[in-house]
Amino acid sequence: MPRISRAHRAQIASRAADIRRRGQRADWDVTTIADEIVRQVPELTPLEMWRLAYGWSRPQVVAAISELYAADGLAPPGVTTARLCRWEHDAVQPDPDYAAALARVYQVPPRRLGLNLPSVLSGYGYGQPATPSTLGTVMAETALSAVADSVQLHREAEGPAGGPATRQHLHQAVDYYTDHYGRYAPNVLAGEIHRARQIVVDMLTQSQRGHDRTELRRLAGWLSALLGNLAFHCSDYPGAHIHLGTASRLSTSVGEHRLTGWSLGAQSILACFGQRPDHALDIAGQAHEYATTALHRAQITAWCELRALAALGRRSDAAQAATRAQHEMDAAEDEPGRFGFDRAEFHQHLAESALRLGDTSSAAGHAETAISLKTTGSGGWAAATAILARTHAADRNPADATALASSVLDTVPADRLRETTRQRLSALDREHQAARSPGTGSADLHMRLLALPAHIPAQRSSPEPNGH
């Protein structure tokens with residue numbers, strides 16, 4: 001292969017990065033991304049192509065190899081970024097043990113990396129997770145950090161005020177954060193969103209055309225709403241109020257009514273969880289003013305209004321709200337967008353309200369429907385399962401209630417267990433403790449809940465956008 005100049009290599013890497021980002025938005029797996037890079041950027045060697053398909057830097061790959069060696073009880077390897085560069089560019093084959101480690105890191109057969117291995121080692125470990133430790137988490141978080149890195153790189157190319165490419169990648173960042181909301185621990189995701197919002201804040205301090213400034217304020221609003229939601233799921237109520245207030249103010253100023261309605265709805269939920277149902281109902285009324293489609297009206301009614309009415313014990317009004325929400329949901333034609341409301345969430349809210357009003361049969365039916373529509377282990381699945389567990393407890397079936405609650409703790413890592421679900425499980429635990437016969441396993445569930453670690457705050461922060 002002819003020698004490629006450094007400038008041309010940078011262009012090639014940029015093209016590969018664009019393909020990877022496109023693939024991530026389309027939910028491609030890494031193999032599909034790699035195949036597309038091969039098709040569009042044939043100049044890349046297989047070893048470099050796979051690194052770019054993952055979006056990793058050379059230091060990150062070197063660190064991953066070192067972690068493999070440590071997990072296997074071996075001495076630190078003699079791999080450096082310069083050595084990896086030679087393997088990628090100079091047709092230098094790594095030693096068999098390093099080749100096997102690379103196959104494990106990238107989780108593909110050595111031949112797909114362009115590596116020659118003795119047959120005894122050719123399949124060694126590549127189909128298994130690279131280590132039983134944190135490597136998988138590190139890889140996922142590397143993909144997450146690449147999102148804000150990409151935005152920053154385009155801003156550096158276009159200047160302090162950014163430009164169309166920077167704004168386009170900020171939109172893509174918001175899409176990525178919302179689409180992969182449940183994939184990351186809340187504190188980790190919040191740290192990366194703060195990075196992206198800091199870029200927007202910095203761009204707003206520069207001279208901008210009116211249309212561009214409006215677009216940046218809109219982006220700042222969406223990012224602030226995400227931060228507010230994450231703060232709420234980490235029980236940081238003051239932080240949630242601040243971020244959601246910023247989102248509401250910015251979205252109102254730029255006419256982003258969908259976000260304004262959602263931000264007000266989220267503030268209504270905060271008020272409910274803060275034991276202020278009257279205030280929650282007032283905010284839900286404000287949110288309704290921005291609900292312009294059947295889906296949005298169903299969301300505000302079921303998510304906010306119905307919850308507040310159930311908390312106030314207004315059974316007749318709650319029944320009417322549930323009927324209205326069902327009619328709106330049946331009439332909804334638009335697809336869920338950012339922070340979209342779907343049928344699974346709709347049934348979750350109906351279940352919780354019915355449970356609050358003592359209709360356990362209806363609550364269980366709605367919870368089971370929500371569970372059937374959600375992926376096991378997702379935040380929505382955990383919430384609906386916890387609600388279903390509480391319906392069993394209310395029907396004096398503590399064994400099934402405990403089994404369901406335990407399945408949530410067994411399935412969802414503690415750092416991804418949302419505060420709302422923790423509260424539902426804690427409510428179940430209190431009900432067990434108050435019962436004369438709490439059932440087998442309730443003591444173990446109680447201890448597991450006590451042992452849950454506190455929420456970890458975000459790793460980074462960013463100033464609230466002033467919106468000017």
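## Handedness and the first two helices

A crossing of two helices is left-handed if the near helix is turned anticlockwise from the far one by less than a right angle, and right-handed if it is turned clockwise. In this predicted model, H1 passes H2 in a right-handed crossing. The contact involves Arg15, Ala16, Ile19, Arg20, Arg22, Gly23 and Gln24 on the H1 side, and Ile33, Glu36, Ile37 and Gln40 on the H2 side. By type, the residues of this contact are 4 nonpolar, 3 polar and 4 charged.

Two packed helices are described by the angle between their axes and the distance between the axes. For H1 (residues 6-25) and H2 (residues 30-40), the angle is about 145 degrees and the axes are 9 Å apart.

## Helices H13 and H14

The axes of H13 and H14 cross at roughly 160 degrees and come within 8 Å. The pair is therefore roughly antiparallel, since angles over 145 degrees are counted that way. The crossing of H13 and H14 is left-handed.

On H13, the residues in the contact are Pro277, Ala280, Leu281, Ala284, Ala287 and His288. They meet Arg297, Ile300, Thr301, Cys304, Glu305, Ala308, Leu309 and Ala311 of H14. What kinds of residue make up the contact of H13 with H14? The residues divide into 10 nonpolar, 2 polar and 2 charged.

## Helices H16 and H17

Helix H16 covers residues 343-356 and helix H17 covers residues 360-372. Their axes are 8 Å apart, and the packing angle is about 160 degrees. This angle makes H16 roughly antiparallel to H17. The crossing of H16 and H17 is left-handed.

H16 contributes Ala344, His347, Gln348, Leu350, Ala351, Ala354 and Leu355 to the contact. From H17 come Thr360, Ser362, Ala363, His366, Ala367, Thr369 and Ala370. There are 8 nonpolar and 6 polar residues in the contact of H16 with H17, and no charged ones.

## The nonpolar cores

In soluble globular proteins, nonpolar side chains tend to be buried together. In this model the largest nonpolar core has 52 residues. Tyr177, Leu189 and Ile193 have the most contacts inside this core. Which helices each supply at least two of its residues? They are H7 (135-158), H8 (164-179), H9 (186-204), H10 (210-233), H11 (237-254), H12 (257-273), H13 (277-288) and H14 (294-311). H10 gives the most, with 11 residues.

Leu189 can be described by the residues it touches. Not counting residues up to four places away in sequence, Leu189 touches Leu144, Tyr177, Tyr181, Tyr184 and Leu230. Tyr177, like Leu189, is one of the residues with the most contacts inside the largest core.

With neighbours within four places in sequence left aside, Leu219 is in contact with Arg167, Leu170, His171 and Val174. One of these, Leu170, is 49 residues from Leu219 along the chain, yet their C-alpha atoms are separated by 7.3 Å.

## An exposed proline

Pro164 is found in helix H8. With a relative accessible area of 57%, Pro164 is exposed, because exposed means over 50%. Pro164 and Thr385 are 221 residues apart along the chain, and the distance between their C-alpha atoms is 44 Å.

## Two residues with positive phi

Most residues other than glycine have a negative phi. Gln107 has a positive value, near 55 degrees. Where is Gln107 found? Gln107 is in the loop between helix H6 (96-106) and H7. At 37% relative accessibility, Gln107 counts as partly exposed.

Ser235 also has a positive phi, of about 65 degrees, although it is not a glycine. Ser235 is located in the loop between H10 and H11. Its relative accessibility is 36%, so Ser235 counts as partly exposed.

Notes: Residues numbered from 1 in each chain as written. Predicted model: local features only at pLDDT ≥ 70, side-chain atom pairs only at ≥ 80, totals over all residues. Heavy atoms only, no water. Axes fitted to C-alpha atoms, helices over the stretch in contact; angles between N-to-C directions. Helix = DSSP H or I, 4+ residues; strand = E, 2+ residues; numbered from the N terminus. Parallel < 35°, antiparallel > 145°, perpendicular 65-115°, else oblique. Contact = heavy atoms within 4.5 Å. Nonpolar A, V, L, I, M, F, W, Y, C, P; charged D, E, K, R; others polar. Core = buried A, V, L, I, M, F, W, Y, C linked by side-chain atoms within 4.5 Å. Buried < 20%, exposed > 50% of the residue type's maximum accessible area, 1.4 Å probe, protein only.
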